[in-house]
Amino acid sequence: MPSTVKGVIARRRGAEVELVDIVVPDPGPGEAVVRVEACGVCHTDLHYREGGINDEFPFLLGHEAAGTVEAVGEGVTEVEPGDFVILNWRAVCGQCRACAKGEPWYCFNTANATQKMTLTDGTELSPALGIGAFIEKTLVAAGQCTKVDREASATAAGLLGCGIMAGFGAAVNTGGVRRGDSVAVIGCGGVGDAAIAGAALAGATTIIAVDVDDRKLEIATGFGATHTVNSSGRDPVVAIQELTDGFGADLVVDAVGRPETYKQAFYARDLAGTVVLVGVPTPEMTVELPLLDVFGRGGSLKSSWYGDCLPSRDFPMLIDLYRQGRFDLDAFVTETIGIDDVEGAFSKMERGEVLRSVVVL
């Protein structure tokens with residue numbers, strides 16, 4: 001029978017979120033119902049609330065989550081009831097042109113649940129990133145569930161579902177950081193700090209954290225930054241060049257996603273270096289660069305989608321590193337909150353007071 005549970009929705013653009021009753025169907029073919037144990041409050045959820053993604057209100061917010069599979073539908077073989085899973089928004093199809101080329105991390109036909117969760121009056125909800133996890137249990141495509149070791153903390157494991165994987169993957173998967181490389185990361189929120197941690201784990205020897213907030217820069221050193229630059233009072237391009245023998249960094253990660261930070265990343269990299277954009281720009285933003293500079297500096301300009309991750313490969317690997325004490329996911333958790341505290345967590349996020357607030361259910 002369908003279940004009625006509590007969940008957090010954004011009913012209209014800019015309005016405060018609401019805790020309401022939501023009807024969760026039994027899983028159909030290819031679907032799973034997951035009892036959510038923890039879900040991080042990500043900036044993408046705030047984008048949904050503000051109408052920055054699309055206007056398909058009401059949204060069921062939350063997507064950075066871990067929990068236990070409660071039930072599965074017909075034909076599901078990936079997981080079974082009782083499995084501890086991290087939810088992901090890249091359930092690869094295995095058949096599209098990206099998957100056929102052996103690049104499933106670019107899958108162009110990812111799956112979501114076919115059925116809709118609804119309000120008690122029958123109004124259909126749009127789940128954030130096809131997940132919707134600020135809720136006691138949620139309906140997803142079975143491929144959105146990645147089984148990991150149950151010994152991992154749900155509050156830490158869930159963060160791999162979005163921001164931490166995006167940052168780590170931007171440095172390691174997309175940026176291809178190597179031992180001995182120099183890396184600069186512009187923007188030291190959760191995503192930027194995950195890129196710093198990934199660069200450190202991969203063996204980068206010079207890791208430069210750039211931000212306008214000294215508090216964030218201090219935190220970044222705990223994740224592996226060897227140098228910090230407060231760009232509110234110093235030109236970050238000049239500073240990065242000075243810290244890399246005048247050359248610029250091998251890899252620069254833009255974890256902010258604004259025209260000015262992208263230009264800084266472009267000019268702060270070494271010749272033939274790499275720029276990775278992982279911060280998400282808004283639709284009206286544009287960037288202008290001299291085409292001769294694009295040609296003359298060589299190298300690569302890349303965008304990182306979800307850290308170019310393959311959840312079935314990357315989530316278990318990062319959980320193993322976490323359990324070994326080599327990747328400190330717990331350090332990203334600033335606070336744990338209840339499901340009725342999401343609006344307050346958004347305010348703290350906007351003030352830069354937290355890396356991650358995590359809803360514990």
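**Pocket, sheet and cysteines**

The second largest pocket holds about 250 Å³ of space. Here a pocket is an open set of points on a 1 Å grid over the protein atoms alone, with protein on both sides within 12 Å along at least five of seven lines; its volume is the space filled by probe spheres set on the points. This is a predicted model, where local features need pLDDT of at least 70, side-chain atom pairs count only at pLDDT 80 or more, and totals for chains, interfaces and linings use all residues. Numbering runs from 1 along each chain as its sequence is written, and side-chain values use heavy atoms, with hydrogens and water left out.

- Six strands (DSSP E runs of at least two residues) make an open, parallel sheet, ordered β13-β12-β11-β14-β15-β16.
- At the edges, β13 (227–230) and β16 (300–303) each pair on one side only; pairing takes at least two DSSP bridges.
- β11 (residues 182–186) and β12 (residues 206–211) share five bridges, with V183 partnered by I207 of β12.

**The cysteines**
- A search of the whole structure turns up zero disulfides (sulfur pairs within 2.5 Å).
- C39 is too far for a bond because its closest cysteine sulfur, in C42, is 9.0 Å away.

Key:
Helix = DSSP H or I, 4+ residues; strand = E, 2+ residues; numbered from the N terminus. 1 Å grid on protein atoms, 1.4 Å probe; cavity = no way out; pocket = protein on both sides within 12 Å on 5 of 7 lines; lining within 4 Å.
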